[in-house]
Amino acid sequence: MKPEEVNVYREVQKNAEMAIKAIETLSDKVYEDDFALQISRQALKYSDIRNRAMNKLLEAKAETVHPNALSDLMLKSGIHLNTLLNTSTSHLAELMIQGSNRGITEMCKVLNRNPLERSMAVEMAKELMDFEEKNISIMKKYL
């Protein structure tokens, strides 16, 4: 596997992992059943994408991304601070949209820094970005 592909798979794994942790942190603050179901579905899809990226890295005997305690703490603290005074579904949806936008931006950066022709890594990255776009559309309904 090319180093560029490893970089893309690692970013896919990291991106999906952050989304899962954000959803886990937010889920305690959700009071609307439909919204809770929606973000649970998203977490399942993120888990699937993360696991596939990790499997590709392991198959290539490349190192997977290890959780960073500091970034986890910053993510969770940011969510808790952002929801301290407002846990409305609209506000939570807005936070989800912001997270998805950040995820898309990071994936674009990695794809631009690691130019690859057609590869499974690029396909998986695009799948994740398409999923993020779809999530943004779904979350807009809750604003």
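Reader: Let's start with M129: is this residue buried or exposed?

Author: Buried means under 20% relative accessible area, exposed means over 50%, and partly exposed is in between (1.4 Å probe, protein chains only). M129 comes out at 16% relative accessibility, so it counts as buried. Keep in mind that this is a predicted model, where local features need pLDDT of at least 70, side-chain atom pairs count only at pLDDT 80 or more, and totals for chains, interfaces and linings use all residues. Residues are numbered from 1 along each chain as its sequence is written, and side-chain values use heavy atoms, with hydrogens and water left out.

Reader: Where is M129 found, and what is M129 in contact with, leaving aside its neighbours within four places in sequence?

Author: M129 is in helix α5; helices (H or I, at least four residues) and strands (E, at least two) are DSSP runs numbered from the N terminus. Contact means heavy atoms within 4.5 Å. With neighbours within four places in sequence set aside, M129 is in contact with I104, M107, C108 and L111. Take M107: it is 22 residues from M129 in sequence, yet 7.2 Å away in space, C-alpha to C-alpha.

Reader: Which other residues of α5 are buried, and what covers them?

Author: The buried residues include A121, V122, L128, F131, N135 and I138. Their cover includes α1, α2 and α4.

Reader: What span should α5 have, and how far apart are its end C-alpha atoms?

Author: The expected span of a helix is 1.5 Å times one less than its number of residues. For the 21 residues of α5 that gives 30 Å, and the end C-alpha atoms are 30 Å apart, so the two agree.

Reader: How do I read aromatic pairs, and how many does a search of the whole structure find?

Author: A pair of aromatic rings is described by the distance of the centres and the angle of the planes. Rings of Phe, Tyr and Trp (its six-membered ring) pair if their centres lie within 6.5 Å; planes under 30 degrees apart are stacked, over 60 edge-to-face, and the rest tilted. The search finds two pairs here. In one, the rings of F35 and Y142 have centres 5.0 Å apart and planes at 75°, so the pair is edge-to-face. F35 is in helix α2 and Y142 in the segment after α5 (120-140), so this pair ties together parts that are 107 residues apart in sequence. F35 and Y142 are both buried.

Reader: What about Y46 and F131: how far apart are their centres?

Author: Their ring centres are 4.9 Å apart with planes at 75°, so that pair is edge-to-face. Y46 belongs to helix α2 and F131 to helix α5, so the parts tied together are 85 residues apart in sequence. Y46 is buried at a relative accessible area of 2%, and F131 is buried at 10%.

Reader: Now, is Q38 buried or exposed?

Author: Q38, in helix α2, is buried with a relative accessible area of 15%. Apart from neighbours within four places in sequence, Q38 is in contact with I138, M139 and Y142. In helix α1 you can look at Q13, which counts as buried at 4% relative accessibility. Not counting residues up to four places away in sequence, Q13 touches R50, A53, M54, L57, T64 and V65.

Reader: And K61, buried or exposed?

Author: K61 sits in the loop between α2 and α3 and counts as exposed at 77% relative accessibility. Most residues other than glycine have a negative phi. For K61, phi is near 55°, a positive value in a residue other than glycine.

Reader: How much space lies in the largest pocket?

Author: On a 1 Å grid over the protein atoms alone, a pocket is an open set of points where a 1.4 Å probe fits, with protein on both sides within 12 Å along at least five of seven lines; lining residues have an atom within 4 Å of a point. Here the largest pocket holds about 750 Å³. Of its 33 lining residues, M18, A19, A22, L75 and R102 are the closest to its centre. The elements giving two or more residues to the lining are α1 (3-27), α2 (33-59), α3 (69-82) and α4 (89-113). The largest share, eleven residues, comes from α1.

Terms used: Grid points are joined across faces, edges and corners, and a volume is the space filled by probe spheres set on the points.
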